[in-house]
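Please brief me on this protein model. I want the strand pairing, the surface and the charged contacts, in short points.

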Amino acid sequence: MTFVRPGVLCAALAAAFPAAASAATDADLKQLREQLRELRQSYEQRIQALEQRLAETEKQASQAAASAVEAGTTANAAVRSVVQAESRAAEAQAAADSVARRPTGESAFNPAVSLILDSKFTRLQRDPASYRIDGFMPSGGEIGPPRKGFSLGESELAFSANVDHLFRGNARFSLAEDNGQGTVEVEEVNVETLAMPAGLKLKAGRFLSGVGYLNQQHPHEWDFTDAPLAYKAFFGPRLQNDGLQLRWVAPTELFMEFGTEVASGERFPGAERKANGAGLWTAFAHVGGDIGDSSAWRVGLSHVHSNPRERSFEDNGVNNAFSGRSQTWIADFVYKWAPNGNSSVTNFKLQGEYFQRRETGELTYDTDGAAASSAARFRPSGGYLQAVYQFMPRWRVGVRGDWLRSGTTDLGTLSAADLPILAGYDPRRQSAMVDWSPSEFSRLRLQVARDQSRNGEADNQVWLQYIMSLGAHGAHKF
């Protein structure tokens, strides 16, 4: 709508209608004034409306500006909070580093402590005191079954803690029984690094070798009550080193681990040393990965080299000794399956290892008497295959087959009749077990086995075992 000023309108009306203007009555003029008043009132109302809208717009703009200023203030406060938090975190890290570097008192150093209780009841056909593995040189280790009836198994007491930000200390002691007397054996005492670059880890002291698959596991982690025949015959029953171990895990999606060890080599297949330097070297590699969401695998290859000097063993009450070169190769694999990676209800594990040894050197018969010596050569092999299936929560069943091959045995000028334990024989063993684990800290196991380690003397065995874990207990190895 267009607005016209009243004065202009009056002039226009007078010019347009001169006669009517001159003859207008007071009533007409009054009506005209009323119309002008209404036009003026309408014009003023519209002006006021426009001014009100302008004021509201200015108010909204002012409020938006104030909100922007407030948001900027809040953002600045948030930035200051982040900076202050980072500063406090840096101070906390500095304090932690300071604590890690400073000496700690005995009361402040509280390592993780765990105790594994292991006890057995056995029913055996043969005397365990006469246990042997025919066709193989005795290892001198504890390889036989426990005494008949109730017996104390191999319980373990372990301590572990971070020494500081660079090192971690571990100690594990085996509590066992020997001829009715309790014994304590130092199973592991070592220090390992925590902050070496590029995926490297160094361990020094006494430790279980990283070769093979089962060798790194403690007895309470085994799926069966005892070790396979191959471990008993080749390592008696596991390879334990005093020395250095270096491991490297490659920074790849596929698990790749490589390691080497240098050790004193005073345990089988080595021998007690009277010289400086190392007597045993190992090298191992493991590769593994996932197959979808439900399966995982790992394979490995290991080598053990030692130079035993006067490695003694007894056969029919006669002391003998071997000196020479010993090399052992181990191929291992493990496959695990659990639906969608959830092993709490059902799972399956298949594992196996194959051993092969080559030894050449000099064999001395009757070191305390005749001391007859001859060049000798041995080519034994063996392995095991086992499967364990958890068919419902807490319940598992498993079977294992062990076999050994004495292989080529060349005694040179010595007679096999003088060393009957080295006569050709291929020991075998079959085992089956069922166990129940009420929780991750307890397990009850029933195992039956037919052991044919002794030539012509099969031994049907029944084992009952409990394993209880007290205190801190880390996750088991893959």
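The points below cover strands, a surface patch, one lysine and the salt bridges.

This is a predicted model. By the salt-bridge rule used here, the count comes to 22. Strand β9 pairs with β8 and also with β10.

**Strands β8, β9 and β10**
- Strands β8 (residues 255-263) and β9 (residues 280-291) run antiparallel, joined by 9 bridges.
- Phe 255 has Gly 288 in β9 as its bridge partner.
- Strand β10 (residues 295-306) pairs with β9 over 12 bridges, again in the antiparallel sense.
- Thr 282 stands opposite Val 304 in β10.
- The hairpin of β9 and β10 has 3 residues between the strands. Gly 292 takes a positive phi near 70 degrees there.

**Nonpolar surface patch**
- A nonpolar patch on the surface has about 910 Å² of accessible area in total. Among its residues are Leu 117, Trp 337, Tyr 389, Phe 391, Met 392, Trp 395 and Trp 436.
- Strands β14 (372-392), β15 (395-410) and β18 (457-471) each supply at least two patch residues.
- The most come from β14, with 3 residues.
- Met 392 lies in β14. Its relative accessibility is 39%, so Met 392 counts as partly exposed.

- Lys 232 sits in helix α4 (residues 229-234).
- Is Lys 232 buried or exposed? Lys 232 counts as buried because its relative accessibility is 6%.
- Beyond its neighbours within four places in sequence, Lys 232 is in contact with residues including Tyr 131, Ile 133, Ser 139 and Ile 143.

**Salt bridges**
- Asp 226 also forms a salt bridge with Arg 429, with the closest N and O atoms 3.0 Å apart. Asp 226 lies in the loop between β6 and α4, and Arg 429 in strand β16 (residues 428-439), so the pair ties together parts 203 residues apart in sequence.
- Asp 226 is buried at a relative accessible area of 7%. Arg 429 is buried at 1%.
- Asp 223 forms a salt bridge with Arg 396, the closest N and O atoms being 3.0 Å apart. This pair links distant parts of the chain, 173 residues apart: Asp 223 is in the loop between β6 (200-208) and α4, and Arg 396 is in strand β15.
- Asp 223 and Arg 396 are both buried.
- Asp 223 and Arg 396 belong to a salt-bridge network with Lys 349, Asp 435, Arg 443 and Arg 445.
- Lys 120 forms a salt bridge with Asp 118, with the closest N and O atoms 3.1 Å apart. Both residues, Lys 120 and Asp 118, are buried.

Conventions: Residues are numbered from 1 along each chain as its sequence is written. This is a predicted model: local features need pLDDT of at least 70, side-chain atom pairs count only at pLDDT 80 or more; totals for chains, interfaces and linings use all residues. Side-chain values use heavy atoms; hydrogens and water are left out. Two strands pair if DSSP finds at least two bridges between them. Helices (H or I, at least four residues) and strands (E, at least two) are DSSP runs, numbered from the N terminus. Patches are made of residues with over 30% relative accessible area and no salt bridge: like charges are joined within 9 Å, nonpolar side chains (Val, Leu, Ile, Met, Phe, Trp, Tyr) within 5 Å. Accessible areas come from the Shrake-Rupley method with a 1.4 Å probe; for residues, only the protein chains shown count as cover. A salt bridge is a side-chain nitrogen of Lys or Arg within 4 Å of a carboxyl oxygen of Asp or Glu. Buried means under 20% relative accessible area, exposed over 50%, partly exposed in between (1.4 Å probe, protein chains only). Contact means heavy atoms within 4.5 Å.
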